[in-house]
Amino acid sequence: MVGGMTECTTEALAGPATAAAQAMGPDNVYTVDDLSCSEGWAVTAGLLASTDNPDMGAPTSFVFEQQGQFWVVQDKAKVCGTSPTTTTAPADATIPPALFLPGCAAG
């Protein structure tokens, strides 16, 4: 923790990312393969699978915003703005521009 804030590391985001996957289905597992951080936000990219077949899944990303010492999953439909298929962040996106592509344009 730095100044009361949780660091943006794979270790710090693994738990919240797994919780986000399990919120979609209790048998889900999630492996973080990549992490991008900017301005108190983070995007994990990894494989979303089931406990029955953890090696077969779908590439999935989750968007998090740091709130105090916690990383809180964000709804992409709300933070990515009105044009999530563009290559640059629309004016109404709240996710930092540096994270728009990995967080909004990816799965």
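Me: What makes Cys8 and Cys37 a disulfide?

Reply: In this predicted model, the sulfur atoms of Cys8 and Cys37 are 1.8 Å apart. A disulfide requires the two cysteine sulfur atoms to be within 2.5 Å, and Cys8 and Cys37 therefore form one.

Me: Why is the disulfide of Cys8 and Cys37 called left-handed?

Reply: The torsion about its S-S bond is about -75°, and the disulfide is therefore left-handed.

Me: Which parts does the pair of Cys8 and Cys37 tie together?

Reply: Cys8 belongs to the segment before α1 (10–24), whereas Cys37 belongs to strand β1 (residues 28–38), so the link joins parts that are 29 residues apart in sequence.

Me: Why does Cys8 count as partly exposed?

Reply: Its relative accessibility is 26%. Buried means under 20% and exposed means over 50%, so Cys8 falls in between and is partly exposed.

Me: How do you know that Cys37 is partly exposed?

Reply: The relative accessible area of Cys37 is 38%. This value also lies between the cut-offs of 20% and 50%, so Cys37 is partly exposed.

Me: What makes the link of Cys80 and Cys104 a disulfide?

Reply: The distance from S to S is 1.9 Å. Because the limit is 2.5 Å, this pair meets the definition. Cys80 lies in the loop between α2 (76–79) and α3 (97–105), and Cys104 lies in helix α3, so the pair ties together parts 24 residues apart in sequence.

Me: Are Cys80 and Cys104 buried or exposed?

Reply: Cys80 is buried, and Cys104 is buried as well.

Me: How many disulfides does the structure hold?

Reply: The structure holds two disulfides. With the bonded cysteines numbered in sequence order, the pairing is 1-2, 3-4.

Technical notes:
Residues numbered from 1 in each chain as written. Predicted model: local features only at pLDDT ≥ 70, side-chain atom pairs only at ≥ 80, totals over all residues. Heavy atoms only, no water. Helix = DSSP H or I, 4+ residues; strand = E, 2+ residues; numbered from the N terminus. Buried < 20%, exposed > 50% of the residue type's maximum accessible area, 1.4 Å probe, protein only.
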